[in-house]
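This report describes selected features of one protein model, from a single side chain to its helix packing and nonpolar cores. Please consult the sequence and the structure shown below while reading.

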Amino acid sequence: MLVHTIYDIARVANVSKSTVSRVLNNQSNISENARQRVLNAIEELNYQPSKLARGLSNGFDAIMIVSRSSSTTNHNPFFSEVIHTISKRAENENFDVILQTSKNGKDEFDKCITKIKEKMAKGIIMLSSPANEEFFEKLDVFNIPIVVIGKVEGQYNNIISVDTDNFRDSYRLTEHLIKYGHQDIACLHSSLNYHVSIDRLEGYKACMNDYGITAREEWVIDCGYTTDSAYKSAIKLFSNNKKPTAVLATDDLKVMGIYKAAAENGITIPKDLSIVGYSNSSFSPFLSPSLTTVEIPVKKLAEAATDSLFTKIKKQEIHMQNIIPTRILNQDSVSNIKQ
């Protein structure tokens with residue numbers, strides 16, 4: 001199949017290559033007669049403009065998804081579902097999607113800057129919010145819309161936040177345990193380099209403090225980002241002389257680790273140990289007993305983030321801070337130990 005170029009269009013329309021380029025880019029400095037000849041030639045030759053060539057001059061119709069390093073996302077269904085939802089929405093806008101991963105924060109920043117300067121993307125969606133917002137400060141000056149799925153504390157011109165209220169959700173989960181008579185409550189959390197991890201831990205601590213309960217230091221454990229590390233932390237909890245009656249798990253990987261450790265150590269849920277946590281994956285409904293949980297609205301977060309990005313790309317007015325509501329499902333993993 002013969003592929004025509006703008007040189008062929010210029011020849012058929014009897015105009016210069018620069019005139020063809022101005023028509024393709026919808027520029028106004030061209031006569032109506034010349035424009036019509038070019039359009040007729042495009043139709044005659046069935047010309048399909050090169051997306052690459054157009055992108056090199058005007059910037060690509062693409063958005064970039066900035067994911068965390070694989071060491072923090074491996075086997076975490078949240079990220080795959082978010083990426084799928086964003087990609088589907090981008091297709092409806094006829095935008096391509098660039099997925100960027102990185103080794104560390106500096107690598108992530110350098111890659112972002114390179115792609116921005118090369119006009120590879122007209123907007124960015126970040127799948128998490130680092131606690132150190134220096135990253136946002138440096139990107140904000142490039143005047144490209146950036147939507148963060150997570151909390152943003154600073155005030156920026158181009159950084160938009162779409163999040164749930166992680167502090168409140170952890171507070172409510174901890175309070176639920178306390179109202180069922182629990183005071184010996186542990187917390188398995190992630191490393192504190194992202195806002196979400198900090199807020200979920202602080203919600204637990206604030207609730208314990210408000211009810212006059214001391215959180216035991218050895219029961220508050222950083223489990224990293226894997227089911228295996230959560231499993232090992234749960235084993236550590238169970239081996240203490242003084243054992244908790246309940247535990248808050250700050251994501252579903254930790255929930256899985258606790259359920260596995262309990263099953264292997266003869267600990268019955270909720271008779272021996274009550275569990276509350278977060279669920280944002282398809283396998284949570286298969287837990288037995290069913291988990292009392294905050295449902296993370298993953299699809300809604302991704303849709304809101306993508307809608308916000310395209311609204312900003314189109315230079316329309318938009319809220320810079322957006323909170324997506326959540327709900328607690330009160331199921332079978334908590335026992336009432338009130339006397």
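Ile198 is partly exposed, with a relative accessible area of 27%; buried means under 20%, exposed over 50% and partly exposed in between, for a 1.4 Å probe and protein chains only. The model is predicted: local features need pLDDT of at least 70, side-chain atom pairs count only at pLDDT 80 or more, and totals for chains, interfaces and linings use all residues. Residues are numbered from 1 along each chain as its sequence is written, and side-chain values use heavy atoms, with hydrogens and water left out.

Ile198 belongs to helix H10; helices (H or I, at least four residues) and strands (E, at least two) are DSSP runs numbered from the N terminus. Leaving aside neighbours within four places in sequence, Ile198 is in contact (heavy atoms within 4.5 Å) with Ala131 and Leu192. Ile198 and Ala131 are 67 residues apart in sequence, with their C-alpha atoms 8.2 Å apart in space.

**Helix packing**

Two packed helices are described by the angle between their axes and the distance between the axes. Axes are lines fitted to C-alpha atoms, for helices over the stretch in contact, and angles run from 0 to 180 degrees between N-to-C directions.

The axes of H9 (residues 166–179) and H10 (residues 195–210) come within 7 Å and cross at roughly 40 degrees. H9 and H10 are therefore oblique to each other; angles under 35 degrees count as roughly parallel, over 145 as roughly antiparallel, 65 to 115 as roughly perpendicular and the rest as oblique. From H9, the contact includes Phe167, Tyr171 and Ile178, and from H10 it includes Val196, Tyr204 and Met208. By class, the residues of this contact are eight nonpolar, four polar and five charged. Here Ala, Val, Leu, Ile, Met, Phe, Trp, Tyr, Cys and Pro count as nonpolar, Asp, Glu, Lys and Arg as charged, and the others, Gly among them, as polar.

Helix H6 (residues 77–92) and H13 pack with their axes 9 Å apart, at an angle of about 40 degrees. That makes H6 oblique to H13. Among the residues in this contact are Phe78, Val82 and Ile86 of H6, and Leu301, Ala302 and Phe310 of H13. The contact of H6 with H13 has eight nonpolar, two polar and five charged residues.

**Nonpolar cores**

A nonpolar core is a set of buried Ala, Val, Leu, Ile, Met, Phe, Trp, Tyr and Cys residues joined through side-chain atoms within 4.5 Å. The largest such core has 43 residues, of which Ile63, Phe78, Val82, Ile86, Ile125, Leu127 and Tyr204 touch the most other members. Helix H13 (residues 298–313) gives the largest share of this core, eight residues. Apart from it lies another core, of 24 residues, including Ala230, Ala234, Ala261 and Leu291.

**Backbone features in loops**

| Cis peptide bond | Omega | Loop holding the proline |
|---|---|---|
| Ile269 to Pro270 | about 5 degrees | between H12 (252–264) and E9 (274–279) |
| Ser288 to Pro289 | near 0 degrees | between E9 and E10 (292–295) |

Asn143 has a positive phi of about 60 degrees although it is not a glycine. Asn143 lies in the loop between H8 (134–140) and E4 (146–149), and counts as exposed at 59% relative accessibility. Lys315, also not a glycine, has a positive phi of about 60 degrees. Lys315 is in the loop between H13 and E11 (321–323), and counts as exposed at 76% relative accessibility.
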